[in-house]
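Thanks for coming, everyone. I have one structure to walk you through today. Please look at the screen.

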Amino acid sequence: MQRTLILIFTCLISACSLNHLPLFSVSPPTFNKNPLLTTNSQHYLNWDRALTASVLLTKDYPFSRHMDAYIALYHPDILQLYQDDAALLALKKIKLRRSWISNNAQQRNQALLLQTNVSLGAYDNQRQAFPIQSLKLGNEQQTYQYQFTKKLSINSSFPESFYLYISNMNQLKQLKLAPDLARLLTINNIQQGHMNSLPVDIEVRINQIAGTQGQGLGAIMTRVIFYSDENREVPLRIDSFSVTDIANVSQ
């Protein structure tokens, strides 16, 4: 199911006046911010959130086995502070383990975002849409599309990289816009120097894991947020995708 979010423009450009003015004499169109559509930057997918997703999808995750890696990565001061007191360090590990489990549980079923760009083709007046010619992915691989890597200590039990594959990426085919809005977007892109490129956020839900360390992550694309500006402050359109044919793994 798709739905178009019509934005309110601060300036109206009539079709007649636009036809008689040189293209670059028109001031850049201004799109109003809609606070209901803004995204939360803290939910962008990175190595740390990939680790959390992997932990949540692993049945009976061995937290105790990975406590040294967890403390070395996120609480190195604890190791230094209690390095000469094994008993106090053991008690601190118990508290940190409980905190780690609790923090992970709070992020269950959380939607995560990927930042990327799409390349648009010429506007199709009949379909009232820009075809999406290409999508800039983190990695052009058959088995995964994004790789998240973190430099870890040599003895860490965590995987250095997580690999993400989005199963329904082929559903992203077009950006549907009304002709007037498409015209304004074209002018805006030309004047910003990126005629065929548009920033987008892809919302995904990770629902599968693979690999001996849970480093392979399978996800479904649930929404795509198209932006009118490079700073990703003004959403232009949000498309939702049906994933009923993709089975979720029970947690």
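Let's start with the salt bridges. This is a predicted model, and the structure holds five of them.

First up is lysine 93 with aspartate 68. Their closest N and O atoms are 2.6 Å apart. Where do the two partners of this pair sit in the chain? Lysine 93 is in helix α5, residues 86-106. Aspartate 68 is in helix α3, residues 67-74. That is a link between distant parts of the chain, 25 residues apart. Lysine 93 has 24% relative accessibility, so it counts as partly exposed. Aspartate 68 is partly exposed too, with a relative accessible area of 48%.

Next, glutamate 203 and arginine 223. Their side chains meet in a salt bridge, at 3.2 Å from N to O. Glutamate 203 belongs to strand β7, residues 197-210, and arginine 223 to strand β8, residues 216-227. So this pair ties together parts that are 20 residues apart in sequence. Buried or exposed? Glutamate 203 has a relative accessible area of 11%, so it is buried. Arginine 223, at 24%, is partly exposed.

Here is another pair: aspartate 239 with arginine 237. The closest N and O atoms are 2.5 Å apart. Both aspartate 239 and arginine 237 are buried. A general point on pairs like these. Side chains of opposite charge can pair when their charged atoms come close.

Now step back to the whole chain. We have six helices and nine strands. There are 251 residues, and 41% of them count as buried. How far along the sequence do contacts reach? Take the contacts between residues at least 6 apart in sequence. Of those, 67% join residues at least 24 apart. As for the surface, the chain exposes about 14,400 Å². Carbon and sulfur atoms supply 50% of that area.

On to one helix, α2, residues 47-57. How many of its 11 residues are buried? Nine, so α2 is mostly covered. Among the buried ones are Trp47, Leu51, Val55, Leu56 and Leu57. Thr52 and Ser54 are on that list as well. What do these buried residues pack against? The helices α3 and α5, and the strands β4, β5, β7 and β8. Look at the start of α2, too. There, a side-chain oxygen of asparagine 46 comes to within 3.2 Å of the backbone nitrogen of aspartate 48.

In soluble globular proteins, nonpolar side chains tend to be buried together. In this model, the largest nonpolar core has 52 residues. Which residues have the most contacts inside it? They are Leu114, Phe158, Leu164, Ile166, Leu175, Ile206 and Phe226. And α2 comes up again: it gives this core its largest share, six residues. There is also a second, separate core of five residues. Tyr44, Ile225, Tyr227 and Ile238 are included in this second core.

Last stop, the surface. Leu88, Leu91 and Ile94 form a nonpolar patch there. Together they have about 260 Å² of accessible area. Isoleucine 94 is in helix α5. Its relative accessible area is 41%, so isoleucine 94 is partly exposed.

Terms used
Residues are numbered from 1 along each chain as its sequence is written. This is a predicted model: local features need pLDDT of at least 70, side-chain atom pairs count only at pLDDT 80 or more; totals for chains, interfaces and linings use all residues. Side-chain values use heavy atoms; hydrogens and water are left out. A salt bridge is a side-chain nitrogen of Lys or Arg within 4 Å of a carboxyl oxygen of Asp or Glu. Helices (H or I, at least four residues) and strands (E, at least two) are DSSP runs, numbered from the N terminus. Buried means under 20% relative accessible area, exposed over 50%, partly exposed in between (1.4 Å probe, protein chains only). Contact means heavy atoms within 4.5 Å. Accessible areas come from the Shrake-Rupley method with a 1.4 Å probe; for residues, only the protein chains shown count as cover. A polar contact is a pair of N or O atoms within 3.5 Å; within protein, one must be able to donate a hydrogen and the other to accept it, and residues adjacent in sequence count only if both atoms are side-chain atoms. A nonpolar core is a set of buried Ala, Val, Leu, Ile, Met, Phe, Trp, Tyr and Cys residues joined through side-chain atoms within 4.5 Å. Patches are made of residues with over 30% relative accessible area and no salt bridge: like charges are joined within 9 Å, nonpolar side chains (Val, Leu, Ile, Met, Phe, Trp, Tyr) within 5 Å.
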